[in-house]
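Please keep the sequence and the 3D view open while reading.

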Amino acid sequence: MGAEMPDAVVRSISAGLSQKGVSNHNERLLLTLLHRHGDMPASDLARLSGLSAPAVSAILKRLESDGLLTRGNPVRGKVGKPSVPMMLSPDGVLAFGLKIGRRSADLLLMDMTGAVRQQMQLNYSVPIAADVFSFLSEGMAIIMAGLAPDVVDRICGIGVAAPFEMWNRTEPNAANTQEFMDWKTVDIAQEIGKFSTLPVSIVNDATAACQAEHVFGRGKEFRDYAYFFVGAFIGGGIVLNHSVFEGRQGNAGALGSLPSVSPMGESKQLVDMASIHLLETRLAEVDIDPALIWRSPQDWGGITRYVDLWLGQTAQELAKACLATCSVIDFEAILIDGAFPADVRQDLVERVQRYMINQDTRGLLPPRIESGSIGGNARAIGAACGPILSGYLLNTNAGLAVAS
């Protein structure tokens, strides 16, 4: 990729009809309730929202007319008229999600229900900005070329998940330093604006993964929790009162920066001690291509002996990090996910649970250690959540806590 885009294609990557979003609070409230709890009739929506039945009926008609909702099959009860559940329309609103990682870029198109319509991936040893944006522009054009025009008009924006200060992490290969440093001067929204008029939202990649888990994974089970995502570098996110908390500058939950100590007694951060790049380094030392870690579908069966050693260290570091995190806020649970196969994730979670037993918990309430459920796609899915959440749903689920 990298060829110049034809003008016709550039014009096609333009503003959709759905970009106006939903400005009415009560409309967002009903959409959020359906998004969080699933299909339900107007009577249940009125009860959960606290709105009157006539008000709910009027709002549902507007949302259905706008194509955001559709009617399900009538459900007959013991008495009275059959109830008609309302549901989110799969084609009501869609968004692109782009994950810019240190080893790969992922582009997907997701609808409001969380279904991934199409997905593409670009693998590399180091992220070069020009290549990533060419991948995005050409990938969007390819995806939209296969959609009906009315569906294209429903695309509301582009969400981008990228590491915070990508240039500020030490890579195993020092020769790659300049390519990472180049990102320091890249304005992501400006670069995308060269080939698309869709609104762009940018979020920390680990926060995006947390958002995906919160909206489409196990987030409904817990009110307050911390979230670790183990990728090439480890990061995290936090959820307070049923809402992902991004912080004053969008860098809340920077759990990868938690202090740690190396076996030699050196001052380190969690990112240095519990990231997949450590496994990459070990594989390279024994002449095994580290790229196999990132191939899709993932299969780490051939490197079990090296994965096992890596899991042991990572689990110990995560156990200490979990307690350090809970010394600030008494989280109900810690969720752990990452860019690895599901069996590796489960093994890691079980090891952390065992290591927690021997940790010094004086003055602390040990949290539940639980497995995340989204996996390697979490960052791109969380990125696509951004435009949909900002345009159509309430900014926080705190008001829905009673209905959880």
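Helices α2 and α3 are roughly perpendicular to each other (65 to 115 degrees by the rule used; angles under 35 degrees count as roughly parallel, over 145 as roughly antiparallel and the rest as oblique), therefore they open this report. Their axes cross at roughly 105 degrees and come within 10 Å. Helix α2 covers residues 25-37 and helix α3 residues 42-49. Axes are lines fitted to C-alpha atoms, for helices over the stretch in contact, and angles run from 0 to 180 degrees between N-to-C directions. Helices (H or I, at least four residues) and strands (E, at least two) are DSSP runs, numbered from the N terminus.

The model is predicted: local features need pLDDT of at least 70, side-chain atom pairs count only at pLDDT 80 or more, and totals for chains, interfaces and linings use all residues. Residues are numbered from 1 along each chain as its sequence is written, and side-chain values use heavy atoms, with hydrogens and water left out.

**Helix contacts**

From α2, Leu29, Leu30, Leu33, Leu34 and His37 meet Leu45, Leu48 and Ser49 of α3 (contact means heavy atoms within 4.5 Å). That contact has six nonpolar, two polar and no charged residues. Here Ala, Val, Leu, Ile, Met, Phe, Trp, Tyr, Cys and Pro count as nonpolar, Asp, Glu, Lys and Arg as charged, and the others, Gly among them, as polar.

Helix α12 (residues 304-326) packs on helix α13 (residues 342-357) at about 50 degrees, with the axes 8 Å apart. The two are therefore oblique to each other.

Ile276, Leu278, Leu279, Arg282 and Leu283 of α11 touch Tyr306, Val307, Trp310 and Gln313 of α12. The class count is seven nonpolar, one polar and one charged.

**Pocket and cavity**

Both terms rest on a 1 Å grid over the protein atoms alone. A cavity is a set of points where a 1.4 Å probe fits but cannot get out; a pocket is an open set with protein on both sides within 12 Å along at least five of seven lines. Lining residues have an atom within 4 Å of a point. Grid points are joined across faces, edges and corners, and a volume is the space filled by probe spheres set on the points.

| Site | Volume | Lining by class |
|---|---|---|
| Largest pocket | about 670 Å³ | 14 nonpolar, 18 polar, nine charged |
| Largest cavity | about 30 Å³ | eight nonpolar, one polar, no charged |

The largest pocket has a volume of about 670 Å³. Of its 41 lining residues, Asp205, Phe229, Gly231, Phe233 and Arg379 are the closest to the centre. Strands β4 (104-111), β5 (116-123) and β9 (234-240) and helix α9 (205-216) each give two or more residues to the lining.

The count comes to one cavity of 30 Å³ or more. Its lining includes His35, Met110, Phe216 and Leu389. Helix α14 (378-392) and α9 each supply at least two lining residues. The largest share, three residues, comes from α14.

**Backbone exceptions**

Most residues other than glycine have a negative phi, and most peptide bonds are trans. Ser296 and Pro297 are joined by a cis peptide bond, with omega about 0 degrees. Pro297 sits in the loop between α11 (276-285) and α12. Asn241 has a positive phi, near 50 degrees. Its place is the loop between β9 and β10 (243-245).
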